[in-house]
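Hi,

Here is the structure I promised to pass on. Have a look at it first, and then read my notes below.

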Amino acid sequence: MQNAIETLVTSHPKIFKGKSPKVSPLVPVGWSKLLKILCKVLEEECTASTLAKLEIINITRRLRCFLKVEYKLKGKVSPQQAWTVRDKVFSVSHLCTYSCVVCGEYIGDSPKSISMILCEKHIHSALPASLKMFRRRVASA
Ligand SMILES: [Zn+2]
């Protein structure tokens, strides 16, 4: 995850200004894809003046399955500026309940409330052998 964050910091200088946020080791690597989307959307939707005031401080995992991006807006900020940032951060945090924790792939329209969300490809590598055997038996019963 640290490598993914460093890549984000260097590819989005307007957002990070060369400063890495604190990232919890509990944040799964698949969510770096969501952070990448967040950076793109912020750059597209925020004015240069809003981005100049933005500082992303902390990236953590809340209640096991939610991405939490803590940020600060320094100086004088209009309600419109505050709302734009808040709206984008909230939306991307919400997306993590639809995304594989390994690769970040979007996996369907209903939010998952379990702590390990995996796409079809990664669920097979994560299941213990005994569980795979039961799955096969259930499927053939
Ligand atoms: Zn996956």
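Before the counting starts, a word on terms: helices (H or I, at least four residues) and strands (E, at least two) are DSSP runs, numbered from the N terminus. Counted that way, the protein chain has 7 helices and 3 strands, and along the sequence they follow the pattern α-α-β-α-α-β-β-α-α-α.

Two things to keep in mind. This is a predicted model, where local features need pLDDT of at least 70 and side-chain atom pairs count only at pLDDT 80 or more, while totals for chains, interfaces and linings use all residues. Residues are numbered from 1 along each chain as its sequence is written.

Now the overall picture. The C-alpha trace of the protein chain spans about 65 × 30 × 25 Å along its principal axes. Of its 141 residues, 20% count as buried (20 or more other C-beta atoms within 10 Å of a residue's own; 12 or fewer is exposed, in between is partly exposed, and C-beta atoms are placed from the backbone). Two residues are in contact if their C-beta atoms, placed from the backbone, lie within 7 Å. Among contacts between residues at least 6 apart in sequence, 58% join residues at least 24 apart.

Next, a helix pair. Helix H3 (residues 32-45) and helix H5 (residues 79-95) pack at an angle of about 155 degrees, with their axes 10 Å apart. (Axes are lines fitted to C-alpha atoms, for helices over the stretch in contact, and angles run from 0 to 180 degrees between N-to-C directions.) That makes H3 roughly antiparallel to H5, a label for angles over 145 degrees. On the H3 side, the residues that meet H5 are Leu34, Ile37, Leu38, Val41, Leu42 and Glu45; their partners in H5 are Thr84, Lys88, Val89, Val92 and Leu95.

What about helix H7 (residues 129-140), is it buried or in the open? The number of buried residues among its 12 is 0, so H7 lies largely in the open. Its length works out too: at 1.5 Å a residue (times one less than the number of residues), H7 should span 16 Å, and its end C-alpha atoms are 17 Å apart, which agrees.

Last, find Lys22, which sits in strand S1 (residues 22-23). Lys22 is exposed, with 11 other C-beta atoms within 10 Å. Leaving out residues up to four places away in sequence, Lys22 touches Ile57 and Asn58. The C-alpha atoms of Lys22 and Glu70 are separated by 9.6 Å, though the two are 48 residues apart along the chain.

Cheers

Notes: Angles under 35 degrees count as roughly parallel, over 145 as roughly antiparallel, 65 to 115 as roughly perpendicular and the rest as oblique.
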